[in-house]
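Visitor: I am just starting to learn how to read structures. Could we go through this one slowly?

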Amino acid sequence: FYLTPPQVNSILKANEYSFKVPEFDGKNVSSVLGFDSNQLPANAPIEDRRSAATCLQTRGMLLGVFDGHAGCACAQAVSERLFYYIAVSLLPHETLLEIENAVESGRALLPILQWHKHPNDYFSKEASKLYFNSLRTYWQELIDLNSGETTDVREALINAFKRLDNDISLEAQVGDPNSFLNYLVLRVAFSGSTACVAHVDGVDLHVANTGDSRAMLGVQEEDGSWSAVNLSYDHNAQNEHEVERVKMEHPKSEEKSLVKQDRLLGLLMPFRAFGDVKFKWSIELQKRVVESGPDQLNDNEYTKFIPPNYYTPPYLTAEPEVIHHKLRPQDKFLVLATDGLWETMHRQDVARIVGEYLTGVHHQQPIAVGGYKVTLGQMHGLLTERRARISSVFEDQNAATHLIRHAVGNNEFGTVDHERLSKMLSLPEELARMYRDDITIIVVQFNSHVIGAY
Amino acid sequence: AARMFLRLLSDIQWRAAHPKWRRMTGSQRSTSTTAEPHPVSLPAQAQVVICGGGIMGTSVAYHLSKMGFKDIVLLEQGRLAAGTTRFCAGIVSTARPVSIELKMAHYSNKLYQQLEQETGVQTGYMKTGSISLAQTQDRLISLKRIASSLNVMGIPCEIISPKKVLQLHPLINIHDLVGAMYVPEDALVSSANVSLALATAASRNGVQIHERTSVSHVTIQKGRVTGVETDRGRIQCEYFVNCAGQWAYELGHSGEEPVHIPVHACEHFYLLTHPLQEPLSSSLPTIVDPDGRIYIRNWQGGILSGGFEKNPKPLFTEGRNQLEIQNLQEDWDHYGPLLSALLRRMPGLEALQIMQLVNCPESFTPDMRCIMGESPTARGYFVLAGMNSAGISYGGGAGKYLAEWIVNGYPSENVWPLDLKRFGTLQSSRTFLRHRVMEVMPLMYDLKVPRWDFQTGRQLRTSPLYDRLDAQGARWMEKHGFERVKYFVPPGSDLLDLDHSKTFYKPDWFDIVGSEVKCCKEAVCVIDMSSFTKFEISSTGDQALENLQYLFSNDLDVPVGHVVHTGMLNEKGGYENDCSIARLSKRSFFMISPTDQQVHCWAWLKNRLPDDSNLVLEDVTWKYTALNLIGPRAVDVLSELSYAPMTAEHFPSLFCKEMSVGYANGIRVMSITHTGEPGFVLYIPIEYALHVYNEVMNMGQKYGIRNAGYYALRSLRIEKFFAFWGQDLDAFTTPMECGREFQVKLDKGMEFLGQEVLLEQKQNGVYKRFTMFILEDHDTDMDLWPWWGEPIFRNGRYVGKTTSSAYSYTLERHVCLGFVHHFDEKTGEELVVTTDFINQGEYEIDIAGQRFQAKAKLYPFSSLFAQRRRKDEVELSGYQRE
């Protein structure tokens, strides 16, 4: 049983979304031309989330991918809320005052964000009031704290991440009289999510990352070839600095038990995350909240389970690492993606595939025979294979979809193999997760002309 | 990498010879690239300066010096034979469809063969033969046509079976072949060494060669070359020859007065391999597989294989770019399809090791033919460039013809198909060239069928009626950038798409054109003929008449309102142009000539008319739209529209009158149709064109008027034995040779160009005779159609070639026109062709190797002429053109 190419395409394209920054007077003055995004579920339902929005009261655009674990609640909440926290952190004092006054007097609020959402990207209606109140508390505090200094993007990002995670934690501790909401906030807090968020304002690109999603810049070299520049560090066991950090934060006696089987406390893959209060709260707090919580929570073995060797919480933080990059004309695009992509593809290949896709020029590294011994037959095989690679480009209108096609369908030669693609996409739900992870990708395309003019 | 390769392809041994020019430049040629001093300064003046030290420049220098010119300087910006010549694959192939190109290649082959002996420079000449493969029947037909023309030229050539191919070349996969053409005398050379040998010989004959000298521009004063500015000083000269290859365009544009040379470069790739385990013999024939788009030759025990891909890469559109030259890279992905074709043709080569993929830019022209001749605007400025990848094949012959041109004022063969003046400024747009060469390069190996039209660079010049005609189903062809209607597809009828209508047999438009012809015969048709070149010549006194009487063979001192058909002859009595001239007034003339005469005729007249401000020559081509009303009812349509009697008594044949048609006044009406049918041509000031067309069509309805195209016109004129210039007539054909003595007034009371030769021919007879052939046993539905260039056999012996052909819907037979010669059976010497000689032969026409019986006629069928309008001026005198 195989899927036909149109069936494959309909699966691949179900969640694709594109946004083009509108032009004024025939010109696009933004450093961002637009973005393509897409996701392919492996879990049912998918645990990844994505967000994109334009800041209306400050300049810049926000884009993020969120990889949830132990359910999708936390990733969902972060995808709805984090950009508001960031936007508010970036707002100048006067604007904050204006907003607060408007709320106070029941006037219409200034819009803060313009969202760019796929119809499947939903926001929780029930929790909006709760979320709004938490956010309002945050900006009231910001107003009170007014330092008079201009807002630094890096700090704003760090503060927003930490504050949101704190609010998630608090909301779960306090609970809500509405039983639905009460259960929701607990599910949010007990599940977890990574976040990889980019803020682009002119030539200033900031990437704030928590967890093991990744941001990568696609750079076109002078000879037309493509290379990749990492704009985030993975927070997992493969990152020595991260392992060091965790060990520094806990007594030496725990050194052996902190990281086991490449997991935090032998359980968690990402070393930083939103939610996951089981790795943050004291045992007492966890027990109290679970016991007083709704029955569903009590019945859940996972929430009741206390990680082994749990002595000196918190073991986990949502604090991001922020990398600032000044965009150059050769920086053509940014890829934000959850680890589902990076597990299957090397970033260099990602840069090449997206670069060739976006420019329409399939600048595969030119073949040079040089001093090597190559036969006509070998060369012929190589060229045939390269041609096949190019032909797969034309099926997709979306760079993220194109990337997913390669991630799932690539054979050992780096070309899309329809048979393989068909097999991977027709796996039954319960098996899919064994062969692949959820994949979420945002490809942001930059406007080199605008960037060059800075 | 490219540098290493240079030394591989060219035998280094030429340096062991003793070229005189090396001492002259004082350069110590070494493999290092140290700067070379220029101890020998440039001469202050020379008779001829040649720019370009490739195969073309050296060949021109070689031939000029052989013909006695001594004061020649050849300038090369880099080193001799270092450009395209050096990269050239070195295949000398005579299998060319165009006759003049075939002659050039044949001469080149003979020249190169003895060059080593003559100069002592090793040229690597090796007679290997070549095999052109056919994967389809159509391809085989095209090869058979070429084989026919090679055979009659005495060049050995045979059509062979796939099995025979395998015997000649053991590596070839023959399973998909239907046949092949074997030319055993085709050769391989080292093109760089051929060029160096020519330079060596030229140098011994006194030609000064200066390397590392670039020409910045050519100075032109009063329409004449006066000198050359170089980076090493100025040289005054009488003649300048632009052999700058792919830089010829730029060099032409570098001076104040541009010389337009429409060439554009494309990248060209070929592969070099290491030797086979058992090295290939250096005598193994070259393989051309046009259906696979590749050629393959043996090269140092391995192979050299390149091709003409479907998607060429044009370059240097914006002009010279040094960076780009240095960065010309091997592009394997681009070469991929050609590699597939190579491995399909020679599967045994899979394990053969690659040495290099060479990227060598070649220059191409808008019509796939090379460019030679004198600039129409600057006398003494000659050009030889745009070889369309066949430089080594043409080099010898092209250099010879150009040298003859400079020395004698005219080459020894008709080179009009290659003449620079077939182009004008309109083909000089870089955008046009870029687009056109992208079509031309793949065409090198595309199947060339009759009546082929270029698809790019179209809709440049159009009649104001273009949209109207297009909406009525017009199908277009192009001449000199002008869109002209081939025929009109009636609504609802479905023609094959372009690719499928390519055929050597009966075309799909057969019935459509048939009905247009029928309408011309029985009712009235209108053909837009606006593309014709139209000049006005006027003067304050008698200057116009006097000068025209000298330049034209017919008597132009006719009453005002008369139209005269006349040749514009050269000194040898040959047709430089064939035109109709109307005497508008005592002192002004209106001259109509073929579309592609616009540049040539202008230059010819400009160069020969005195520089007199009272004598004005004006090109009014763009001012008039021409509508040709053909048919017996044309007279009715026109008289109704003009309220003027148009019958023969009032408006005799070959008459011209300004009158009103509809609301529009000032329409020049001429009673000629260029077909021998009754009718009129209306020369309409363009702003009235649409109005007059609408009036004609409305009024014509009741007379059964319809649109027609050039294919109908062509059928009509050929069945009436009308020759036209550029196809049947050329600079080597006199009126005496084509039965047009009555258009020559030897006794008009004054001398005219070509008169002596014509007098001599009148007395002693002619050596070729324009003849009409009616194909007898030819089945229009089943047999291959004649085109042009088919050999004519008289009593089984070759006597000449056809120049045009068409199906006559009236005779229901094919008609071919062509020239019959009389070669002495023993010596091959040309003898006088008499009427008896023509009439007393049994004729056959060879179409792709198949011979059809033909009946020869020296006069058209009188039954075809519907009516005689004026006894003394039968319009069978009509000149024709397409």
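**Confidence and contacts**

Visitor: Over which residues of chain B does pLDDT stay under 50, and what contacts does the model have there?

Guide: One such stretch is residues 1–37 of chain B, for which the model has 71 contacts beyond four places in sequence. Here pLDDT is the predictor's confidence in each residue, from 0 to 100, and contact means heavy atoms within 4.5 Å. Residues 868–882 of chain B also stay under 50, and for them the model has 68 contacts beyond four places in sequence. Where pLDDT is low, the predicted coordinates should not be read in detail.

Visitor: What ground rules should I keep in mind?

Guide: This is a predicted model, in which local features need pLDDT of at least 70 and side-chain atom pairs count only at pLDDT 80 or more, while totals for chains, interfaces and linings use all residues. Side-chain values use heavy atoms, leaving out hydrogens and water, residues are numbered from 1 along each chain as its sequence is written, and chains are lettered from A and ligands numbered from 1 in the order in which they are written.

Visitor: And what does chain B average?

Guide: Chain B averages a pLDDT of 90, and 92% of its residues score at least 70. For the model, the scores are ipTM 0.82 and pTM 0.72.

Visitor: Switching to rings, how many aromatic pairs are there over all chains?

Guide: The structure holds 45 of them, where rings of Phe, Tyr and Trp (its six-membered ring) pair if their centres lie within 6.5 Å, with planes under 30 degrees apart counted as stacked, over 60 as edge-to-face and the rest as tilted. For B:Phe590 and B:Tyr683, the ring centres are 5.3 Å apart and the planes stand at 85 degrees, so this pair is edge-to-face.

Visitor: Where in chain B do those two sit?

Guide: B:Phe590 is in strand β29 (residues 588–593) and B:Tyr683 in strand β34 (residues 679–685), 93 residues apart, and the pair links these distant parts of the chain. Helices (H or I, at least four residues) and strands (E, at least two) are DSSP runs, numbered from the N terminus. Both B:Phe590 and B:Tyr683 are buried, and buried means under 20% relative accessible area, exposed over 50% and partly exposed in between (1.4 Å probe, protein chains only).

Visitor: What about B:Phe651 and B:Phe680?

Guide: They form an edge-to-face pair, 5.4 Å centre to centre with 85 degrees between the planes. B:Phe651 lies in the loop between α18 (634–642) and β32 (656–661) of chain B and B:Phe680 in strand β34, so the pair ties together parts that are 29 residues apart in sequence. B:Phe651 counts as buried at 1% relative accessibility, and B:Phe680 is buried with a relative accessible area of 1%.

Visitor: Which ring does the charged end of B:Arg851 sit over?

Guide: It sits over the ring of B:Phe793, 3.5 Å from its centre, and a charge sits over a ring if NZ of Lys or CZ of Arg is within 6 Å of the ring centre and within 35 degrees of the ring normal. B:Lys768 lies over the face of B:Phe819, at 4.8 Å from the ring centre.

Visitor: New topic: how many residues does each chain bring to the contact?

Guide: Chain A gives 13 residues and chain B gives 17. The area buried between them is about 1400 Å², of which carbon and sulfur atoms give 61%; buried area is the accessible area (1.4 Å probe) that two parts lose on being put together, summed over both. In chain A, A:Leu376, A:His380 and A:Leu383 lose the most area to chain B, together 40% of what that side buries.

Visitor: How far is A:Asp48 from A:Leu376?

Guide: They are 47 Å apart in space, C-alpha to C-alpha, and 328 residues apart in sequence. A:Asp48 is found in strand β3 (residues 48–55) of chain A and is buried, with a relative accessible area of 0%.

Visitor: Where is there a cis peptide bond in chain A?

Guide: One joins A:Ala44 and A:Pro45, with omega about -5 degrees, and A:Pro45 has its place in the loop between β2 (32–40) and β3 of chain A. Another joins A:Pro313 and A:Pro314, with omega about 0 degrees.

Visitor: Last one: is B:Lys222 buried or exposed?

Guide: B:Lys222 is exposed, with a relative accessible area of 86%, and it has a positive phi of about 50 degrees although it is not a glycine.
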